[in-house]
Each structure stands twice: as C-alpha cells, then as structure tokens.
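Subject: Structure handover

Hello,

Here is the structure I promised to pass on. My notes follow below it.

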Amino acid sequence: MTNRMPELLCPAGNLESLEAALHFGADAVYGGMKQFGLRAFAGNFDEDALTQAVEKMHGAGKKFYLTMNIFPFDDQLDDFIAAAKAARDIGVDAAIVALRREVPELPLHVSTQASTVNAEAVRVYRDMGCERVILARETSIARAKEIIRRVPEMEIETFVHGASCMAYSGRSPLSEAMAGR
C-alpha cells in the first residue's frame, strides 16, 4: 500500500458552493446535473453551469466529479446516457455512476449508494473497470483500512462527516416519503 495524500472532496450544488470549496482548499468537488442525481435539493448544474464549473475547477488545477447516482428506469436510460456523454464532452473528471459500456472513456466512481462495505465488492467494481469506490457511510475506519490493505490498487473514498441518513447510505425511507426519492 502506498501512502498518498488524501484528496479533499467537497459537495458543490452550484457555483457559489464550488467557490467556497475552492476557497477552503478542496482538491475536487462533486456535483450533479439538474437530472439523474440523488442530491435533489442541492441546486445542481444545467449544461452551461456545468461547463463553467468544470472550467473553473480545471483552471485552478482541481477536479470536478459528476454525480449521476440514481437508479434509472428503462424509459430514462437514453436520456441518462445522453447526459453522461454531454458531461464527458464538457470534461468532467469522472462520473459517480455505472455506465461502463455506454461511455467507456469516462472514468467511473461507484457511489456510496451501492452500499459497498467489503473488499470482495471492491474487487468486483475494480474488475468492472471502475477506478474508485465510495464506501458506505457505515464502514468504520478500521474496516476501510482493511479494504485498502486487501485491494491496494483501488482508490477508496470515505465520508468524514456524520451521516444524517436514517438508513443504509442514504437509502432512507424518509427521503422516499418526503421527496419521492
């Protein structure tokens, strides 16, 4: 296992929060488009704002990761894939989603929504071509270290703030009841 400096990754639901993340030292931000993300009330980016956000981050030598972490239904797949291709063309650094077959040149990060809590699951995602796994919020530091030890070639991301979800990694029945998500 190599000791690399952790990447400070912050949420950015709009250009104002992106600016704040840059001001406070973020190495990268993650944000969603107006559709296909689970952060429904974060503001999110239309294509023009996403272009500005990516340009601003890249101009500062930083990265922008796009959250497209919904589970799309069949009737949403064409639009989902088109949005991923547009994001790729804009220049996002990776997508937090699963689109390997449709957009193979877009680096993929597995969302915390996948509830990944063990090294075997990380290996499966590695073998599928993903470059990073965002562990479930329930994964302890000790367990995260063990996953990193067992799969050292995979990038591992973990949350460092307290989760406000009332169920596994955001799969909250409250979110469903209150917001239909």
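Two strands pair if DSSP finds at least two bridges between them. Helices (H or I, at least four residues) and strands (E, at least two) are DSSP runs, numbered from the N terminus.

This is a predicted model: local features need pLDDT of at least 70, side-chain atom pairs count only at pLDDT 80 or more, and totals for chains, interfaces and linings use all residues. Residues are numbered from 1 along each chain as its sequence is written, and side-chain values use heavy atoms, with hydrogens and water left out.

Overall layout

The chain has 6 helices and 7 strands. From the N terminus, the order of elements is β-α-β-α-β-α-β-β-α-β-α-β-α. Of the 181 residues, 38% count as buried (under 20% relative accessible area; exposed is over 50%, partly exposed in between; 1.4 Å probe, protein chains only). Contact means heavy atoms within 4.5 Å. Among contacts between residues at least 6 apart in sequence, 56% join residues at least 24 apart.

The sheet

An open sheet of 7 strands runs in the order E1-E2-E3-E4-E5-E6-E7, with parallel pairing. Its edges are E1 (9-11) and E7 (155-157), and each of these pairs on one side only. On average, neighbouring strands are turned by 30° against each other, direction ignored. Axes here are lines fitted to C-alpha atoms, for helices over the stretch in contact, and angles run from 0 to 180 degrees between N-to-C directions.

Around E3

E2 and E3 are parallel and share 5 bridges. Tyr30 stands opposite Tyr65 in E3. On to E4 (residues 94-96), E3 makes 3 bridges, again in parallel. There, Tyr65 has Ala94 as its bridge partner. From E3 the chain crosses through helix H3 (residues 77-90) to E4, and this β-α-β crossover is right-handed. That is, with the strands pointing away from the viewer, the path from the first strand over the helix to the second runs clockwise. Of the 5 residues of E3, 4 are buried, so the strand is largely enclosed by the rest of the structure.

Helix H2

H2 (residues 47-59) packs on the sheet and touches E2 (28-32) and E3 (63-67). Its direction makes about 145° with that of E3. H2 has 13 residues and reaches 18 Å from first C-alpha to last, close to the 18 Å expected at 1.5 Å a residue (1.5 Å times one less than the number of residues). Which residues of H2 are buried? They are Ala49, Leu50, Ala53, Val54 and Met57. Seen down the axis of H2, they fall within an arc of 135°, so they line one face of the helix. The arc is that of the directions from the helix axis to the C-beta atoms. These buried residues pack against H1 (15-23), E2, E3 and H3. The face turned away from the buried side carries the exposed residues Asp48, Glu55 and Gly59.

The E6 end

E6 (residues 132-134) and E7 run parallel, joined by 3 bridges. Ile134 has Glu157 of E7 as its bridge partner. Val133 is also found in E6, and at 0% relative accessibility Val133 counts as buried. Beyond neighbours within four places in sequence, its contacts include Val110, Val122, Met154 and Ile156.

One backbone point

Ser115 has a positive phi of about 55°, although it is not a glycine. Most residues other than glycine have a negative phi. Ser115 lies in the loop between E5 (108-110) and H4 (119-127).

Best wishes
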